[in-house]
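Visitor: I would like to learn how to read a structure like this one. Please take me through it feature by feature.

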Amino acid sequence: MTSPTTTPPETDIWADVSRPLPAWVPEAKLGIFIHWGAYSVPAWAEPSGALGAVPEEEWFAHNAYAEWYGNTIRIPGSPAAEHHRETYGDAPYDDFLDAWKVSRFDPAAWAQLFADAGAAYVIPTTKHHDGIALWDAPGTGTRNTVHRGPRQDLVGALADAVRAEGMHFGVYYSGGLDWSVSSFGPHTTGAEVSGLRPNDAAYNAYALLHVRDLMQRYSPDVLWNDINWPDSGKRTGAWSLHELFTDFYAANPDGVVNDRWGETHADYRTSEYEHGTDIETGTNWEQCRGLGFSFGYNQLEDTDVVLSGHQLARLLGDVVSRGGRLLLNVGPTAEGEIPAIQQESLRSLGRWMAAVGTTVRSASRWDSPAAPAGDDPWVRWLSTPDHLVALVDQIGTTPLALPADRAALDRAEVLYGTGSVTRSDAGLEVRIDELADGPAVVIIPW
Ligand code: GLC
(Lines give C-alpha, C1' and ligand atoms only; values in the text may rest on other atoms or scores of the structure.)
Protein backbone atom coordinates (compact mmCIF):
# COMPACT_ATOMS: atom_id res chain seq x y z
CA MET A 1 0.00 0.00 0.00
CA THR A 2 1.35 3.39 -0.90
CA SER A 3 0.84 6.34 1.32
CA PRO A 4 -0.50 9.52 -0.20
CA THR A 5 2.25 11.85 -1.23
CA THR A 6 0.19 15.01 -1.69
CA THR A 7 0.34 17.45 1.21
CA PRO A 8 -2.98 17.70 2.99
CA PRO A 9 -4.85 20.95 2.41
CA GLU A 10 -4.11 23.58 5.00
CA THR A 11 -6.71 23.09 7.72
CA ASP A 12 -8.77 25.91 9.08
CA ILE A 13 -7.92 25.79 12.77
CA TRP A 14 -11.15 27.58 13.63
CA ALA A 15 -13.47 25.23 11.72
CA ASP A 16 -14.04 22.87 14.64
CA VAL A 17 -15.18 25.60 17.03
CA SER A 18 -18.01 26.72 14.73
CA ARG A 19 -21.52 25.61 15.60
CA PRO A 20 -25.14 26.65 15.03
CA LEU A 21 -26.31 29.92 16.53
CA PRO A 22 -28.05 29.46 19.91
CA ALA A 23 -31.82 29.96 19.62
CA TRP A 24 -31.96 33.10 21.76
CA VAL A 25 -29.71 35.12 19.44
CA PRO A 26 -31.89 35.61 16.32
CA GLU A 27 -34.74 36.78 18.55
CA ALA A 28 -32.56 39.21 20.49
CA LYS A 29 -33.25 42.14 18.19
CA LEU A 30 -32.24 44.80 20.70
CA GLY A 31 -29.23 44.83 23.00
CA ILE A 32 -27.91 47.56 25.26
CA PHE A 33 -24.21 48.41 25.17
CA ILE A 34 -22.79 50.32 28.15
CA HIS A 35 -19.58 52.35 27.89
CA TRP A 36 -18.64 53.45 31.37
CA GLY A 37 -15.15 54.29 32.52
CA ALA A 38 -12.72 56.86 33.90
CA TYR A 39 -13.40 58.73 30.63
CA SER A 40 -16.94 59.34 31.94
CA VAL A 41 -15.39 61.89 34.34
CA PRO A 42 -14.18 64.42 31.73
CA ALA A 43 -17.03 63.19 29.47
CA TRP A 44 -15.82 65.33 26.64
CA ALA A 45 -15.44 64.88 22.88
CA GLU A 46 -16.18 66.98 19.83
CA PRO A 47 -19.48 65.73 18.39
CA SER A 48 -17.78 65.70 14.99
CA GLY A 49 -20.03 63.11 13.37
CA ALA A 50 -20.64 59.40 12.92
CA LEU A 51 -17.77 56.96 12.58
CA GLY A 52 -17.43 56.22 8.90
CA ALA A 53 -18.95 59.57 7.87
CA VAL A 54 -16.09 61.77 9.15
CA PRO A 55 -13.01 61.57 6.88
CA GLU A 56 -10.32 59.42 8.49
CA GLU A 57 -7.72 62.20 8.37
CA GLU A 58 -10.00 64.31 10.60
CA TRP A 59 -11.37 61.59 12.85
CA PHE A 60 -8.61 61.02 15.37
CA ALA A 61 -7.80 64.65 16.32
CA HIS A 62 -11.55 65.36 16.43
CA ASN A 63 -12.64 61.96 17.72
CA ALA A 64 -16.35 61.96 18.55
CA TYR A 65 -15.84 59.02 20.93
CA ALA A 66 -15.53 60.31 24.51
CA GLU A 67 -14.07 56.94 25.56
CA TRP A 68 -11.07 57.78 23.37
CA TYR A 69 -10.29 60.88 25.52
CA GLY A 70 -7.01 59.33 26.79
CA ASN A 71 -5.83 59.06 23.18
CA THR A 72 -7.26 62.28 21.77
CA ILE A 73 -5.68 64.51 24.43
CA ARG A 74 -2.27 63.11 23.46
CA ILE A 75 -2.64 64.36 19.89
CA PRO A 76 -0.86 67.72 19.82
CA GLY A 77 -3.12 70.60 18.82
CA SER A 78 -6.36 68.64 19.12
CA PRO A 79 -9.29 70.55 20.63
CA ALA A 80 -9.47 67.79 23.29
CA ALA A 81 -5.83 68.43 24.27
CA GLU A 82 -6.68 72.10 24.60
CA HIS A 83 -9.82 71.39 26.61
CA HIS A 84 -7.85 69.10 28.92
CA ARG A 85 -5.14 71.68 29.53
CA GLU A 86 -7.66 74.44 30.24
CA THR A 87 -9.82 72.32 32.53
CA TYR A 88 -7.38 69.98 34.24
CA GLY A 89 -3.93 71.50 33.62
CA ASP A 90 -1.43 68.70 33.20
CA ALA A 91 -3.36 66.16 35.30
CA PRO A 92 -2.60 62.59 34.23
CA TYR A 93 -5.45 60.49 32.82
CA ASP A 94 -5.45 58.15 35.83
CA ASP A 95 -6.62 60.98 38.10
CA PHE A 96 -10.01 60.36 36.50
CA LEU A 97 -10.06 56.84 37.89
CA ASP A 98 -9.80 58.22 41.43
CA ALA A 99 -12.32 60.97 40.69
CA TRP A 100 -14.80 58.41 39.33
CA LYS A 101 -17.31 57.99 42.16
CA VAL A 102 -20.50 56.14 41.39
CA SER A 103 -22.60 57.52 44.23
CA ARG A 104 -25.84 57.41 42.26
CA PHE A 105 -25.34 54.01 40.63
CA ASP A 106 -28.51 51.91 40.86
CA PRO A 107 -27.94 48.77 38.78
CA ALA A 108 -31.49 47.50 39.32
CA ALA A 109 -32.93 50.76 37.97
CA TRP A 110 -30.64 50.60 34.93
CA ALA A 111 -31.65 47.02 34.22
CA GLN A 112 -35.31 47.87 34.52
CA LEU A 113 -34.90 50.78 32.11
CA PHE A 114 -33.22 48.48 29.57
CA ALA A 115 -35.79 45.71 29.96
CA ASP A 116 -38.62 48.25 29.61
CA ALA A 117 -37.01 49.47 26.38
CA GLY A 118 -37.43 45.94 25.03
CA ALA A 119 -33.80 44.84 25.28
CA ALA A 120 -32.95 41.14 25.35
CA TYR A 121 -29.29 41.47 26.28
CA VAL A 122 -26.88 43.91 27.90
CA ILE A 123 -23.14 44.24 27.30
CA PRO A 124 -21.03 46.59 29.48
CA THR A 125 -17.41 47.46 28.86
CA THR A 126 -15.25 45.47 31.29
CA LYS A 127 -11.95 46.90 30.07
CA HIS A 128 -11.78 49.56 27.40
CA HIS A 129 -8.68 50.78 25.53
CA ASP A 130 -7.48 52.69 28.62
CA GLY A 131 -6.86 49.30 30.26
CA ILE A 132 -8.84 50.07 33.43
CA ALA A 133 -10.77 46.99 34.56
CA LEU A 134 -14.30 47.35 35.92
CA TRP A 135 -13.78 44.29 38.11
CA ASP A 136 -10.90 42.96 40.22
CA ALA A 137 -9.09 41.63 37.16
CA PRO A 138 -6.03 39.42 37.67
CA GLY A 139 -2.75 41.22 37.05
CA THR A 140 -4.20 44.73 37.22
CA GLY A 141 -3.02 45.39 40.78
CA THR A 142 -5.01 48.32 42.05
CA ARG A 143 -5.76 49.79 38.61
CA ASN A 144 -9.36 48.68 38.63
CA THR A 145 -12.69 49.88 39.98
CA VAL A 146 -12.60 47.59 43.01
CA HIS A 147 -9.48 49.19 44.46
CA ARG A 148 -9.82 52.75 43.18
CA GLY A 149 -12.53 55.22 42.20
CA PRO A 150 -15.90 53.45 42.37
CA ARG A 151 -14.51 50.80 44.78
CA GLN A 152 -16.97 48.29 43.45
CA ASP A 153 -17.16 45.28 41.19
CA LEU A 154 -19.21 47.06 38.54
CA VAL A 155 -19.32 44.05 36.20
CA GLY A 156 -20.73 41.80 38.92
CA ALA A 157 -23.32 44.37 39.99
CA LEU A 158 -24.53 44.69 36.39
CA ALA A 159 -24.49 40.94 35.69
CA ASP A 160 -26.78 40.31 38.67
CA ALA A 161 -29.15 43.16 37.88
CA VAL A 162 -29.42 42.32 34.18
CA ARG A 163 -30.16 38.65 34.87
CA ALA A 164 -32.73 39.56 37.51
CA GLU A 165 -34.68 41.29 34.69
CA GLY A 166 -34.50 38.15 32.56
CA MET A 167 -32.02 39.51 30.02
CA HIS A 168 -28.85 37.90 28.71
CA PHE A 169 -25.54 39.27 29.91
CA GLY A 170 -22.42 39.75 27.79
CA VAL A 171 -19.02 41.36 28.27
CA TYR A 172 -17.16 43.84 26.09
CA TYR A 173 -13.40 43.45 26.33
CA SER A 174 -10.76 45.42 24.45
CA GLY A 175 -8.28 42.70 23.52
CA GLY A 176 -6.75 44.69 20.68
CA LEU A 177 -5.85 47.95 22.35
CA ASP A 178 -4.63 48.46 25.88
CA TRP A 179 -2.85 51.77 26.29
CA SER A 180 -1.64 50.75 29.77
CA VAL A 181 0.59 47.93 28.49
CA SER A 182 1.94 49.66 25.39
CA SER A 183 3.79 52.90 24.74
CA PHE A 184 3.20 53.57 21.08
CA GLY A 185 2.09 57.16 21.36
CA PRO A 186 -1.38 58.23 20.30
CA HIS A 187 -3.19 56.49 17.44
CA THR A 188 -3.81 58.94 14.62
CA THR A 189 -4.88 56.66 11.75
CA GLY A 190 -6.84 53.46 11.24
CA ALA A 191 -3.65 51.75 10.12
CA GLU A 192 -2.01 52.63 13.44
CA VAL A 193 -4.96 51.16 15.32
CA SER A 194 -4.56 47.90 13.40
CA GLY A 195 -0.78 47.84 13.45
CA LEU A 196 0.34 49.45 16.69
CA ARG A 197 -1.13 47.15 19.30
CA PRO A 198 0.33 44.74 21.83
CA ASN A 199 0.86 41.34 20.21
CA ASP A 200 3.35 39.56 22.42
CA ALA A 201 2.88 36.35 24.39
CA ALA A 202 2.85 38.13 27.74
CA TYR A 203 -0.06 40.38 26.76
CA ASN A 204 -1.87 37.42 25.19
CA ALA A 205 -1.63 35.58 28.52
CA TYR A 206 -2.71 38.69 30.45
CA ALA A 207 -5.78 39.19 28.24
CA LEU A 208 -6.66 35.47 28.18
CA LEU A 209 -6.61 35.38 31.96
CA HIS A 210 -8.92 38.38 32.00
CA VAL A 211 -11.48 36.80 29.71
CA ARG A 212 -11.25 33.48 31.57
CA ASP A 213 -11.79 35.30 34.84
CA LEU A 214 -14.85 37.04 33.37
CA MET A 215 -16.16 33.64 32.23
CA GLN A 216 -15.63 32.06 35.61
CA ARG A 217 -17.14 34.86 37.65
CA TYR A 218 -20.05 35.98 35.47
CA SER A 219 -20.78 33.21 32.91
CA PRO A 220 -21.38 35.69 30.08
CA ASP A 221 -23.53 34.71 27.11
CA VAL A 222 -21.57 36.99 24.78
CA LEU A 223 -17.83 37.59 24.51
CA TRP A 224 -17.71 40.88 22.64
CA ASN A 225 -14.07 41.51 21.89
CA ASP A 226 -12.90 44.76 20.33
CA ILE A 227 -10.33 45.77 17.71
CA ASN A 228 -8.40 42.47 17.45
CA TRP A 229 -6.63 39.85 19.55
CA PRO A 230 -2.86 39.62 20.15
CA ASP A 231 -1.45 37.65 17.21
CA SER A 232 0.48 35.31 19.52
CA GLY A 233 -2.84 33.84 20.71
CA LYS A 234 -4.26 33.03 17.27
CA ARG A 235 -3.46 29.31 17.21
CA THR A 236 -4.44 26.06 18.87
CA GLY A 237 -3.00 24.63 22.07
CA ALA A 238 -2.26 25.98 25.52
CA TRP A 239 -2.80 29.72 26.00
CA SER A 240 -4.56 30.08 22.67
CA LEU A 241 -7.72 31.73 21.51
CA HIS A 242 -8.80 28.39 20.04
CA GLU A 243 -8.67 26.84 23.50
CA LEU A 244 -10.51 29.82 24.98
CA PHE A 245 -13.42 29.49 22.51
CA THR A 246 -13.59 25.72 23.04
CA ASP A 247 -13.76 26.14 26.81
CA PHE A 248 -16.25 28.98 26.52
CA TYR A 249 -18.71 26.90 24.51
CA ALA A 250 -18.23 23.88 26.77
CA ALA A 251 -19.08 25.98 29.82
CA ASN A 252 -21.97 27.81 28.16
CA PRO A 253 -23.68 26.18 25.18
CA ASP A 254 -25.75 29.37 24.83
CA GLY A 255 -22.64 31.51 24.43
CA VAL A 256 -21.66 33.47 21.32
CA VAL A 257 -18.60 35.47 20.33
CA ASN A 258 -18.48 38.45 17.99
CA ASP A 259 -16.16 38.95 15.03
CA ARG A 260 -13.48 41.34 16.29
CA TRP A 261 -10.72 38.87 17.15
CA GLY A 262 -8.93 39.28 13.81
CA GLU A 263 -9.13 36.61 11.11
CA THR A 264 -10.29 33.93 13.50
CA HIS A 265 -13.69 32.54 14.43
CA ALA A 266 -16.98 34.41 14.89
CA ASP A 267 -20.60 33.55 15.59
CA TYR A 268 -21.87 36.75 14.00
CA ARG A 269 -20.64 39.88 12.28
CA THR A 270 -20.66 43.47 13.53
CA SER A 271 -20.83 46.95 12.06
CA GLU A 272 -20.48 50.29 13.83
CA TYR A 273 -22.33 53.46 12.81
CA GLU A 274 -21.47 53.91 9.13
CA HIS A 275 -18.29 51.86 9.38
CA GLY A 276 -18.08 48.27 8.17
CA THR A 277 -21.63 48.31 6.83
CA ASP A 278 -20.66 45.94 4.01
CA ILE A 279 -21.28 43.07 6.46
CA GLU A 280 -24.94 44.08 6.81
CA THR A 281 -26.16 41.33 4.52
CA GLY A 282 -28.06 38.10 5.15
CA THR A 283 -29.39 37.55 8.64
CA ASN A 284 -26.54 37.19 11.08
CA TRP A 285 -25.20 40.61 11.96
CA GLU A 286 -25.38 43.25 14.67
CA GLN A 287 -25.03 46.99 14.23
CA CYS A 288 -23.77 48.95 17.22
CA ARG A 289 -23.89 52.67 17.80
CA GLY A 290 -24.34 55.25 20.53
CA LEU A 291 -27.48 57.27 21.07
CA GLY A 292 -25.46 60.21 19.78
CA PHE A 293 -22.03 60.13 18.12
CA SER A 294 -20.20 58.81 21.18
CA PHE A 295 -20.29 55.61 23.20
CA GLY A 296 -18.88 57.09 26.44
CA TYR A 297 -20.94 59.90 27.97
CA ASN A 298 -20.25 63.18 26.19
CA GLN A 299 -21.53 66.24 28.04
CA LEU A 300 -21.55 68.21 24.75
CA GLU A 301 -24.19 66.01 23.15
CA ASP A 302 -27.73 67.40 23.17
CA THR A 303 -30.98 66.60 21.40
CA ASP A 304 -29.43 67.71 18.10
CA VAL A 305 -27.33 64.56 18.02
CA VAL A 306 -29.02 62.17 20.46
CA LEU A 307 -31.63 60.05 18.66
CA SER A 308 -35.21 60.50 19.83
CA GLY A 309 -37.31 57.47 20.73
CA HIS A 310 -39.11 57.75 17.41
CA GLN A 311 -35.82 57.77 15.52
CA LEU A 312 -34.66 54.77 17.54
CA ALA A 313 -37.79 52.81 16.70
CA ARG A 314 -37.23 53.61 13.04
CA LEU A 315 -33.56 52.60 13.26
CA LEU A 316 -34.45 49.32 14.95
CA GLY A 317 -37.16 48.66 12.37
CA ASP A 318 -34.73 49.34 9.55
CA VAL A 319 -32.01 47.09 10.99
CA VAL A 320 -34.45 44.21 11.63
CA SER A 321 -35.97 44.59 8.15
CA ARG A 322 -32.48 44.01 6.73
CA GLY A 323 -31.85 40.91 8.88
CA GLY A 324 -29.83 42.51 11.65
CA ARG A 325 -29.91 43.20 15.36
CA LEU A 326 -29.21 46.51 17.09
CA LEU A 327 -26.74 46.94 19.96
CA LEU A 328 -27.62 50.40 21.19
CA ASN A 329 -25.22 52.12 23.55
CA VAL A 330 -25.91 54.18 26.65
CA GLY A 331 -23.20 56.29 28.25
CA PRO A 332 -23.79 56.76 31.99
CA THR A 333 -22.36 59.72 33.90
CA ALA A 334 -19.44 59.27 36.31
CA GLU A 335 -21.94 59.46 39.19
CA GLY A 336 -23.79 56.49 37.77
CA GLU A 337 -26.83 58.03 36.18
CA ILE A 338 -28.15 57.40 32.69
CA PRO A 339 -28.47 61.01 31.45
CA ALA A 340 -32.09 62.21 31.27
CA ILE A 341 -31.92 62.80 27.52
CA GLN A 342 -30.86 59.16 26.97
CA GLN A 343 -33.49 57.85 29.39
CA GLU A 344 -36.21 59.75 27.57
CA SER A 345 -35.32 58.16 24.24
CA LEU A 346 -35.19 54.68 25.78
CA ARG A 347 -38.54 55.13 27.52
CA SER A 348 -40.12 56.26 24.27
CA LEU A 349 -38.65 53.27 22.44
CA GLY A 350 -40.04 51.12 25.27
CA ARG A 351 -43.57 52.37 24.62
CA TRP A 352 -43.28 51.37 20.95
CA MET A 353 -41.76 48.02 21.88
CA ALA A 354 -44.49 47.37 24.45
CA ALA A 355 -46.97 47.51 21.56
CA VAL A 356 -44.98 45.79 18.83
CA GLY A 357 -42.09 43.99 20.61
CA THR A 358 -43.53 40.49 20.20
CA THR A 359 -43.87 41.07 16.46
CA VAL A 360 -40.38 42.58 16.13
CA ARG A 361 -38.73 39.78 18.11
CA SER A 362 -40.16 37.02 15.94
CA ALA A 363 -39.50 38.90 12.70
CA SER A 364 -36.98 38.32 9.99
CA ARG A 365 -36.32 40.08 6.73
CA TRP A 366 -38.80 39.87 3.89
CA ASP A 367 -37.44 40.59 0.47
CA SER A 368 -39.94 40.94 -2.28
CA PRO A 369 -39.57 43.03 -5.39
CA ALA A 370 -43.37 43.31 -5.38
CA ALA A 371 -43.30 45.38 -2.17
CA PRO A 372 -40.05 47.28 -1.96
CA ALA A 373 -38.82 49.26 1.03
CA GLY A 374 -38.56 53.00 0.47
CA ASP A 375 -37.54 56.22 2.17
CA ASP A 376 -40.20 58.56 0.83
CA PRO A 377 -42.61 57.52 2.18
CA TRP A 378 -40.56 55.52 4.69
CA VAL A 379 -41.67 51.90 4.48
CA ARG A 380 -39.96 48.73 5.71
CA TRP A 381 -41.10 45.10 5.56
CA LEU A 382 -40.74 42.25 8.03
CA SER A 383 -42.00 38.75 8.08
CA THR A 384 -43.04 36.71 11.12
CA PRO A 385 -44.36 33.15 11.22
CA ASP A 386 -47.92 34.56 11.36
CA HIS A 387 -47.77 37.90 9.57
CA LEU A 388 -46.36 39.99 6.85
CA VAL A 389 -45.57 43.30 8.56
CA ALA A 390 -45.28 46.79 7.11
CA LEU A 391 -43.62 49.62 9.06
CA VAL A 392 -44.85 52.95 7.75
CA ASP A 393 -43.49 56.25 9.05
CA GLN A 394 -45.82 58.60 7.31
CA ILE A 395 -48.81 60.66 8.41
CA GLY A 396 -51.58 60.61 5.79
CA THR A 397 -52.30 57.97 3.20
CA THR A 398 -49.64 55.58 1.98
CA PRO A 399 -50.39 53.07 -0.75
CA LEU A 400 -48.74 49.69 -0.31
CA ALA A 401 -48.54 47.69 -3.50
CA LEU A 402 -49.01 44.03 -2.64
CA PRO A 403 -49.84 41.01 -4.74
CA ALA A 404 -53.26 39.78 -3.60
CA ASP A 405 -52.21 36.16 -3.29
CA ARG A 406 -49.36 36.74 -0.86
CA ALA A 407 -51.30 37.43 2.33
CA ALA A 408 -54.80 37.87 3.71
CA LEU A 409 -55.13 41.54 2.76
CA ASP A 410 -58.73 41.70 4.00
CA ARG A 411 -57.59 41.00 7.51
CA ALA A 412 -54.82 43.58 7.69
CA GLU A 413 -54.83 45.78 10.79
CA VAL A 414 -52.91 48.64 12.32
CA LEU A 415 -51.04 47.32 15.35
CA TYR A 416 -49.35 50.61 16.20
CA GLY A 417 -50.45 54.13 15.25
CA THR A 418 -53.81 55.87 15.08
CA GLY A 419 -55.31 55.07 11.71
CA SER A 420 -56.79 52.42 9.49
CA VAL A 421 -55.98 50.16 6.61
CA THR A 422 -58.20 49.36 3.63
CA ARG A 423 -58.04 47.24 0.49
CA SER A 424 -57.15 48.96 -2.77
CA ASP A 425 -56.76 47.74 -6.32
CA ALA A 426 -53.00 47.64 -5.94
CA GLY A 427 -52.99 46.09 -2.48
CA LEU A 428 -53.52 48.17 0.63
CA GLU A 429 -53.90 51.76 1.61
CA VAL A 430 -52.76 52.80 5.06
CA ARG A 431 -54.17 55.98 6.57
CA ILE A 432 -52.29 57.23 9.63
CA ASP A 433 -53.56 60.22 11.62
CA GLU A 434 -51.10 60.18 14.47
CA LEU A 435 -47.80 58.60 15.46
CA ALA A 436 -46.04 59.05 18.77
CA ASP A 437 -43.10 56.82 19.57
CA GLY A 438 -42.33 55.19 16.25
CA PRO A 439 -43.50 54.15 12.80
CA ALA A 440 -46.95 52.69 12.28
CA VAL A 441 -46.99 48.92 12.28
CA VAL A 442 -49.45 47.17 9.98
CA ILE A 443 -49.85 43.42 10.29
CA ILE A 444 -51.25 41.25 7.53
CA PRO A 445 -51.98 37.58 8.34
CA TRP A 446 -50.37 35.16 5.90
C1 GLC B 1 -14.60 50.90 18.50
C2 GLC B 1 -14.06 51.95 19.38
C3 GLC B 1 -14.64 51.96 20.70
C4 GLC B 1 -15.99 51.41 20.93
C5 GLC B 1 -16.31 50.28 20.04
C6 GLC B 1 -17.74 49.89 20.08
O7 GLC B 1 -13.80 49.89 18.24
O8 GLC B 1 -12.66 51.94 19.45
O9 GLC B 1 -14.40 53.11 21.41
O10 GLC B 1 -15.88 50.79 22.15
O11 GLC B 1 -15.86 50.40 18.80
O12 GLC B 1 -18.10 49.13 19.02
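Guide: We will go from the overall fold to the sheets, then to the pocket and some single residues. Keep in mind that this is a predicted model.

Visitor: How many helices and strands does the protein chain have?

Guide: The protein chain has 12 helices and 17 strands. Its C-alpha trace spans about 80 × 70 × 45 Å along the principal axes.

Visitor: What radius of gyration would a compact globule of 446 residues have, and what does the protein chain have?

Guide: For 446 residues a compact globule would have a radius of gyration near 22 Å. The protein chain has 23 Å, so the two agree.

Visitor: How do I read a sheet, and what is the strand order in the open sheet of 8 strands?

Guide: The general idea is that strands of a sheet pair through backbone hydrogen bonds, in either a parallel or an antiparallel way. Here the 8 strands follow the order β5-β4-β3-β2-β1-β8-β7-β6, and the pairing is parallel. At the edges stand β5 (256–257) and β6, each with a single partner strand, so one side of each has no neighbour in the sheet.

Visitor: Over how many bridges do β6 and β7 pair?

Guide: β6 and β7 (residues 285–290) pair over 4 bridges, in the parallel sense. As one detail to look up, threonine 270 has glutamate 286 in β7 as its bridge partner. A helix also packs on this sheet: α7 (residues 154–164) touches β1 (30–34), β2 (121–127) and β3 (168–173). The direction of α7 makes about 155 degrees with that of β3.

Visitor: Is the pairing in the open sheet of 3 strands parallel or antiparallel?

Guide: It is antiparallel, with the order β13-β16-β15. The edge strands β13 (396–401) and β15 (418–423) each pair on one side only. From one strand to the next the twist averages 20 degrees. Between β13 and β16 (residues 427–434) there are 6 bridges, and threonine 397 has arginine 431 in β16 as its bridge partner.

Visitor: How are pockets found, and what is the volume of the largest pocket?

Guide: Rolling a probe the size of a water molecule over the atoms shows where empty space is left. The largest pocket has a volume of about 810 Å³. Its lining is made up of 33 residues, and those nearest the centre are Leu51, Ile227, Arg260, Glu272 and His275. Two or more lining residues come from each of α2 (56–59), α8 (190–195) and β6 (269–272).

Visitor: Which classes of residue make up the lining of the largest pocket?

Guide: The lining has 15 nonpolar, 12 polar and 6 charged residues.

Visitor: Where is histidine 310, and which residue lies 128 residues away from histidine 310 in sequence but 4.3 Å away in space?

Guide: Histidine 310 is in helix α11 (residues 309–321). The residue in question is glycine 438, with the distance taken C-alpha to C-alpha. Beyond the neighbours within four places in sequence, the contacts of histidine 310 include Ser348, Asp393 and Leu435.

Visitor: Which residues are joined by a cis peptide bond?

Guide: Aspartate 376 and proline 377 are, with omega at about 0 degrees. Proline 377 lies in the loop between β10 (374–375) and β11 (378–383).

Visitor: What is phi of tryptophan 239?

Guide: Phi is near 55 degrees, a positive value in a residue other than glycine. Tryptophan 239 sits in the loop between β4 (222–225) and α10 (241–251).

Technical notes
Residues numbered from 1 in each chain as written. Predicted model: local features only at pLDDT ≥ 70, side-chain atom pairs only at ≥ 80, totals over all residues. Heavy atoms only, no water. 1 Å grid on protein atoms, 1.4 Å probe; cavity = no way out; pocket = protein on both sides within 12 Å on 5 of 7 lines; lining within 4 Å. Points joined across faces, edges and corners; volume = space filled by probe spheres on them. Nonpolar A, V, L, I, M, F, W, Y, C, P; charged D, E, K, R; others polar. Pairing = 2+ DSSP bridges. Contact = heavy atoms within 4.5 Å. Axes fitted to C-alpha atoms, helices over the stretch in contact; angles between N-to-C directions. Rg over C-alpha atoms; globule rule 2.2 N^0.38 Å.
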